[in-house]
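User: I have a model open and I'm new to this. Can we go through it together?
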Amino acid sequence: MLLIWVLTACLLPNVWLSFTERMPLFATLTNVILPAGIYALLMSVTPKVGKASLWMIILFFFAAFQIVLLYMYGRSVIAVDMFLNVVTTNPGEVNELLGNMLVILLFMTLIYIPPIVLGIMAVCKKWRLGQRTIRTVRNTGLWLTVIGMLLFGLSFTSARPYRPLCDLYPVNVIYNLYLAVQRTVKTSGYHETSADYRFNAVSEHADSIKELYVVVVGETSRADNWQLMGYERANNQHLMDVSGLTAYPKALSQSNTTHKSVPMLLSELNADNFADSIYHVKSLITAFNEAGYHTSFISNQSRNHSFIDFFGEEADTCIFIKDNPSSEARYSYDTDMLTYLDKAMNLGHGKTLVVLHAYGSHFNYIDRYPNGFGSFLPDRPASATHHYRQKQINAYDNTVEYTSMFLRSIIDRLEKFDGLTGMIYTSDHGEDIFDDDRHLFLHASPIPSYYQIHVPMLVWLGHSYRESYPSVSQAAESNKDRFVATSRAFFHSILDMAGISTPVADRTESILSPLYTPRSPMYLNDHNESVPLFDCGILHYDKDKLRTLGIV
């Protein structure tokens, strides 16, 4: 029983992936038969079945992790980014997520914990398989391995290129784990590899001009749920009557993960040059420092030892408000950052940049706004399943309404400032909320969906700014209906707004420039390769949604 249980538990993700990955026939058969043969050979090495089963614990871990992800996303193997998310996601987010996944976690417990317990019992009681059983398992494993190797060779004859490091489970998972460890090691040396980086930035605006710019990086906000982007619900009422505000409804992120999207937004990098370059560059905060600005980075997220932390620490003032949580409040809200914004504005510096990293619409949605806030009720779903989608949508729309109020509060403060002011906002990525019969939920899936990359983007220019630089204001308006890759345009648009010149600035990438030129939509995949968005594995449903935006 233990032998069969172990083999079945190990092989379960192989069978499941064969239905979800849409591989050619030979590759599909290889993905089941070859691993089945190897698993059987491993279990037949010794008659001590308990000892053999405990050897397979690492495969149990991979299998359980893989099945949970298939349950969440419906397809794809454990990605590099998913391993990195394990070490960069704060414990609070983990608890919020796991609390809504009790069914699948219970299922995994019932499959993978009993063979471990039985394996320990087998070792203690010295259970042994009979020689006949061992021979049968070994011969079966040998034949399956030989057949699997033949199918493995035939897989390379398929029209679709066969890549074992991507297509063969668990080889692909082990390879992705290796890449994750490799990236983590490189990240730990970031301060040394980026130490000599310089923007050689200067301000083209006169020193006598007072300037204050606020950069807001949102979290998990999707454009389809913004009234300003055409959504039918009135959840942007705080922003609807704001002068100088321009919305960009055709904005797409080049990544559906925070730890890659935010660094691209804040640096010169995009999908085309992210790869190894991320270990050598600094953020726009350093560019503003070089140009004579006093800089502040204020975050409502927890530190996670990623590039977001490193970039934030470039600022003259770096504050993660969760470092000093209020003893009276369970959660901090984005509006809590306004106190620190007020302090930065009142320091009296002639030129100031403030970067705000919000928590926005990150799951669990009801924890992103105070009790009693929100126009859309009921907003308390019993669980994170498609059966409670409307309540999830209500809660999500309340987070967008709260973000609107937060942004309006920033604009109100900037309007009172005696000088040039501007604000730019976008979200790192979007979110799936059981939008179709795929029942996809959350973000960071190995292959993105339309809802995970279609994000809101806003630019606000103060009255004095619009009077002083009418061409910038006109360009912002003229580009509003064009495709925008936020991972490319955000950085260059901020520099353009502040009139900062640097060799890496490119006005053809700035939506505040009449020279702005949209590029082809690209995506930064799990292996940090830049691939055309329509070729990254997205399905026809997502392609059709993109085409409705005029993105081809």
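Analyst: Start with a definition: a residue counts as buried under 20% relative accessible area, as exposed over 50%, and as partly exposed in between. Asp276, at 45% relative accessibility, therefore counts as partly exposed. Keep in mind that this is a predicted model.

User: OK. What does Asp276 form a salt bridge with?
Analyst: The partner is Lys186, and the closest N and O atoms are 3.1 Å apart. Lys186 sits in helix 10 (residues 171-188), while Asp276 is in the loop between helix 12 (258-266) and helix 13 (284-290), so the pair ties together parts that are 90 residues apart in sequence.

User: And Lys186, buried or exposed or something in between?
Analyst: Lys186 is partly exposed, with a relative accessible area of 33%.

User: How many salt bridges are there in the structure?
Analyst: There are 23. Another one joins Arg408 and Asp241, with 2.9 Å between the closest N and O atoms. This pair also links distant parts of the chain: Arg408 belongs to helix 16 (residues 389-415), Asp241 to the loop between strand 2 (211-218) and strand 3 (245-247), and they are 167 residues apart.

User: Which class of exposure does Asp241 fall in?
Analyst: Asp241 counts as exposed, because its relative accessibility is 57%. Arg408 has a relative accessible area of 23%, so Arg408 is partly exposed.

User: What about Asp167, buried or exposed?
Analyst: Asp167 is buried, at 9% relative accessibility. Asp167 forms a salt bridge with Arg160, the closest N and O atoms being 3.3 Å apart. Arg160 is partly exposed at 34%.

User: Which residues are linked in a network of salt bridges?
Analyst: Asp272, Arg488, Asp506, Glu509 and Arg519 are linked that way.

User: New topic. How many disulfides turn up?
Analyst: Zero, in a search of the whole structure. As for individual cysteines, Cys10 is buried, with a relative accessible area of 2%, whereas Cys318 counts as partly exposed at 25%.

User: What holds strands of a sheet together, in general?
Analyst: Strands pair through backbone hydrogen bonds, and the pairing is either parallel or antiparallel.

User: Then in which sense do strand 2 and strand 7 pair?
Analyst: They pair in the parallel sense, over seven bridges, with strand 7 covering residues 351-357.

User: How many bridges join strand 5 to strand 6?
Analyst: Four, and the two strands run parallel. Strand 5 spans residues 294-299 and strand 6 spans residues 317-320. Ser299 has Phe320 in strand 6 as its bridge partner.

User: What does the chain pass through to get from strand 5 to strand 6?
Analyst: The chain goes through helix 14 (residues 307-312), and this β-α-β crossover is right-handed.

Note on methods
Residues are numbered from 1 along each chain as its sequence is written. This is a predicted model: local features need pLDDT of at least 70, side-chain atom pairs count only at pLDDT 80 or more; totals for chains, interfaces and linings use all residues. Side-chain values use heavy atoms; hydrogens and water are left out. A salt bridge is a side-chain nitrogen of Lys or Arg within 4 Å of a carboxyl oxygen of Asp or Glu. Buried means under 20% relative accessible area, exposed over 50%, partly exposed in between (1.4 Å probe, protein chains only). A disulfide is a pair of cysteine sulfur atoms within 2.5 Å. Two strands pair if DSSP finds at least two bridges between them. A crossover is right-handed if, with the strands pointing away from the viewer, the path from the first strand over the helix to the second runs clockwise.
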